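Please read it with the structure open.

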Amino acid sequence: MADTVGEETAGTGPATKKLRGKYTTQACVQCRQRKLKCSGENPCHTCVRRHRNCVFSDDRAVSEFLKQARKHLTADAMEGDVSIEARVGRLEAEMQMVAQKLQTPRPDSSHYSETVDDVDSEITYAGETALHTPAHAFTENVQQIKERMGIPESIDKSPRTVVSPQMTLHDEPSVPSQVQVQIGLRKLPFPDQQLYNDYLDFFFDDINPCHPCVNEAAFRSRSERMLARREVQKNETCFLALHYVVFALADILRDVSLLEKRALPLGRRWYKHADDLIGRLKYSGHGDLSLLQYLVFEALYLTHEDRPNAAYNIAGLMCRLCFQFGLHQQSRWPEDAHTYGRHMKERIFWTAYFVDRRIALSCGRPYGMNDRDIDVDLPAHIADKDLYPDQPLPAANPETSSIVYLTCMIAFGKFSGEVWDNMFSAASTTQGFDARQSEMATVLDAKIRYWLDAVLPSLPILPSTFTPSKQHLRQQLLVSTRFAQLRLLLRRRLMTSLTYAAHDAEVSGALANDIVRNIAQLSEEATQPSSFRFHMAAALGGALLVLSTLLYRPLDGIGLQDSRDGFADSFQVALSLLRQLATGLLAARRIMEDLKDITNVVSTLITRSVTITQQSPASMSTGTNVLFPYTAADFAQQSGYPYENLMMDDATNYSMDSWTEWNDFMAVEPVGPQGCGAHWL
C-alpha cells in the first residue's frame with residue numbers, strides 16, 4: 001500500500017494523477033473569449049482545429065468588445081423590430097471605439113496632457129475614410145459575423161484622399177467622387193470636393209443674392225469645421241440638412257436638359273437626405289437659425305420642383321417658427337444694436353416674409369405673416385462679401401449689397417398682402433368685378449405706381465460707379481416685372497371677363513407689352529443654368545393671359561384697334577420664349593398646359609386675322625370659363641376647383657420613397673388647370 005501511495009505521489013505508474021501541464025501566460029483572443037485552453041502558440045492548436053483567426057493582444061478591450069458584441073447580438077435577436085443593419089451598425093460603432101483605444105499611445109500620466117480639442121484638431125475630413133483602422137482583428141471578426149448573417153462588406157477599403165482641417169475648401173485637392181459623412185450611426189453620401197465647391201459657388205452667386213438669408217463667410221467657416229470632424233455632431237443636424245437642400249436647389253436650377261430625358265427631377269436625391277435629416281425637427285419648434293434657413297430653401301426647392309402644395313405647407317411652418325423664435329418682435333432681441341447676429345436675424349426674417357408672400361400668392365391662398373404682428377427693422381444695405389461673424393459690422397454699401405433687392409421684395413410682399421386682403425380674400429370678394437373692387441383696384445394701383453416713381457429710384461439696384469453685373473441686370477428685371485405682374489393681377493378678373501373698358505385694356509396691354517419686351521432682352525437666359533429661368537416663365541405666363549384677353553375680342557369698340565398688331569407681336573414673342581423654356585423647365589411646361597386652350601385659339605385668330613366675334617361661337621370647342629383658367633386668385637373662388645382630389649381617404653401610399661418614376665411623381669402633385677398653384681399669378 002505504501003509503495004502504491006508512493007507511486008501515485010511520484011506520478012510514475014499508469015494509474016497515477018496527472019500533473020499540471022505546461023502553463024501559458026497569454027491566451028489568444030478567441031480562446032480567452034470562449035474560455036478554452038490555449039496552447040500559447042501563434043496560431044494556437046484550438047484555433048487551428050476550429051478554423052478561426054488566431055489573434056493575440058495585450059489589451060483587455062478586445063475581449064470586452066467581443067463580449068459586448070455577443071451580448072448585443074443576443075439581445076437584438078430577442079427584439080423582433082431590430083433589423084440586421086441596425087445590429088451591424090451597433091457592432092461597427094463599438095468596433096471603432098475599441099480601435100481608437102488600440103491606436104492611442106499610452107504615455108505616462110505624468111506628462112499626458114492631450115485635450116479633447118487637440119484630438120479633434122487632428123481628425124481629417126469627415127468621410128468614410130475616418131472609419132478605417134489598421135486593427136484588422138476587429139474588422140475580421142465583424143466581417144465573420146456579417147458573412148454568417150449574409151450581409152455584404154459595407155466598408156470600402158479603397159484608398160481615399162482626405163482634406164486637412166487647415167486646408168480651405170477652395171484649394172481643390174484630389175478628392176474621390178464617392179465621399180460619405182457620418183452622423184450618429186448613419187452614413188450619408190456627400191459631394192466630392194470639386195462638386196461641393198461648384199454647388200456653393202452657384203448658390204452664393206445665383207440663389208442667395210435673391211434670398212439673402214445666409215452669410216457666405218459664416219457658412220463656409222462653419223461648414224469647414226463641421227466636415228473636419230470624424231463624425232458630424234448631433235447639434236449640427238439642421239446645418240448639415242441645409243447643405244443638402246442647397247445641393248438639391250443648385251441641381252434643379254442648373255439642369256437645362258430636356259424633360260423627356262429625366263427619370264426624376266435632378267436634386268431629388270439630395271433633398272431626400274435633407275428631409276430625412278430634419279425629420280420632425282421642423283414641427284418641434286426647437287432648433288437654431290439654420291432650421292429657418294433650411295425651411296426657406298426647402299420651400300423654394302419644392303416651388304421649383306412644381307410642388308406648390310408642399311411649398312405652401314413648408315412656408316407656413318417657416319412663418320410659425322419665426323414667431324416661436326421671437327424674430328417678429330425686435331424689442332425682445334438682445335440690446336446690442338450693432339452686432340452680426342442682429343443683422344442676420346433681420347435678413348433671415350425678411351427673407352422668410354418675402355418667400356411666404358410670394359408662395360402664398362402663387363398658390364392662391366392666405367399668407368402666413370400679418371404686417372400688424374411684425375416689429376422688425378429692415379436690414380442695413382451691407383454687402384455680404386464684407387460681412388464676417390467675428391468682426392464689427394462694415395459700413396453700408398448699397399451698390400454692392402443684395403439687401404437693396406431684398407428691400408424691394410419686402411415692399412412687393414407688403415403690396416401683395418394688400419392686394420390679397422382687398423381684392424381676393426374671402427371677406428372682400430363678391431361675384432364678378434363690382435364697383436367697389438374697381439375703385440379698390442384703382443387705389444392700390446396708384447399706391448404701387450407711387451412707390452415705383454418715388455421710392456424705387458432711391459434704391460440703387462443698378463450701380464452707378466461700375467458696370468452692372470449680370471446679377472444686377474437680373475434683379476432690376478425681377479423688380480420691374482414682379483410689380484407689373486402685381487398690377488396686372490388687380491385687373492385679372494375684369495380682363496378675363498372680357499367686359500373691360502378702354503382704360504383698363506390700355507393699362508393692362510402696356511404692362512404686358514413691357515413684361516414681354518424686358519424678358520426678351522435676356523432671352524439667352526432661357527437655356528442657361530440659373531434661377532432666373534423660373535421667373536421668366538412666371539412673368540411670361542401672366543403676360544400671355546392678359547394679351548389673350550385683348551386678342552380674343554374686337555378692340556374697335558373701345559378705340560384700341562390700332563394696338564392689336566402690337567399685342568399680337570408681344571403674344572407671339574412670349575409664346576415662343578415660353579415654349580423654349582418648357583423644353584427643360586417643369587414650371588414652364590405646366591404654364592403651357594394651363595394656357596394651351598386659349599393660346600391655341602388666339603394663335604389661330606392671329607393667323608387668320610380675325611377676332612372671335614367674326615367666327616362662329618359654335619366652332620369653339622370650349623367656353624370662355626375653360627379658355628381663361630385661374631380667373632380668381634383664391635382657389636376657393638375658382639369655378640370647378642376639385643377640392644375632393646386633395647382630400648384622399650388614404651394618403652399613406654404617397655411617400656417620397658415610392659416616387660421612383662416620373663409618372664409616379666406627377667401623380668402625387670396634380671398639374672394643369674386642375675392643379676393647385678399657378679406660378680404665373
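1. Helix 17 spans residues 435–455, which is 21 residues. From its first C-alpha to its last it reaches 30 Å, close to the 30 Å expected at 1.5 Å a residue. The model is a predicted one, and this applies to every point that follows.

2. Which residues of helix 17 are buried? They are Gln437, Ala441, Leu444, Asp445, Ile448 and Trp451. Viewed down the axis of helix 17, its buried residues fall within an arc of 120°, so they line one face of the helix. Asp445 is listed among the buried residues, together with Leu444 and Ile448.

3. The face of helix 17 turned away from the buried side carries Ala435, Glu439, Thr442, Tyr450 and Asp453, which are exposed. On the buried side, the cover includes helix 16 (403–424), helix 18 (470–490) and helix 19 (492–496).

4. Helix 18 also has 21 residues, and its end-to-end C-alpha distance is 31 Å, close to the 30 Å expected at 1.5 Å a residue. Of its 21 residues, 17 are buried, so helix 18 is largely enclosed by the rest of the structure.

5. Leu462 is found in the loop between helix 17 and helix 18. Is Leu462 buried, exposed or partly exposed? Its relative accessibility is 30%, so it counts as partly exposed, given that buried means under 20% and exposed over 50%. Leaving aside residues up to four places away in sequence, Leu462 touches Pro468, His472, Leu473 and Gln476. The C-alpha atom of Leu462 is separated by 9.8 Å from that of Val404, and the two residues are 58 apart along the chain.

6. The aromatic pairs number 19. In one of them, Phe190 and Phe247, the ring centres are 5.5 Å apart and the planes stand at 75°, so the pair is edge-to-face; the cut-off for that label is over 60 degrees. Phe190 belongs to strand 2 (residues 186–190) and Phe247 to helix 10 (residues 237–254), so the pair ties together parts that are 57 residues apart in sequence. Both Phe190 and Phe247 are buried.

7. Phe190 and Phe247 are also members of one aromatic cluster, formed with Tyr196, Tyr199, Tyr244 and Trp270.

8. Two placements of charge over a ring can be checked in the viewer. The charged end of Arg222 sits over the ring of Phe239, at 4.2 Å from the ring centre. The charged end of Lys345 sits over the ring of Trp333, at 5.6 Å from the ring centre.

9. How many disulfides are there? The count is zero. Among the cysteines, Cys210 is buried, with a relative accessible area of 8%, and Cys408 is buried, with a relative accessible area of 0%.

10. For the protein as a whole, the secondary structure comes to 25 helices and two strands. The protein has 681 residues, and buried residues make up 51% of them. Of the contacts with a separation of 6 or more, 73% are between residues 24 or more positions apart.

Technical notes: Residues numbered from 1 in each chain as written. Predicted model: local features only at pLDDT ≥ 70, side-chain atom pairs only at ≥ 80, totals over all residues. Heavy atoms only, no water. Phe/Tyr/Trp six-rings, centres within 6.5 Å; stacked < 30°, edge-to-face > 60°. Helix = DSSP H or I, 4+ residues; strand = E, 2+ residues; numbered from the N terminus. Buried < 20%, exposed > 50% of the residue type's maximum accessible area, 1.4 Å probe, protein only. Lys NZ or Arg CZ within 6 Å of the ring centre and 35° of its normal. Disulfide = S-S within 2.5 Å. Expected span 1.5 Å × (residues − 1). Arc of directions from axis to C-beta. Contact = heavy atoms within 4.5 Å.
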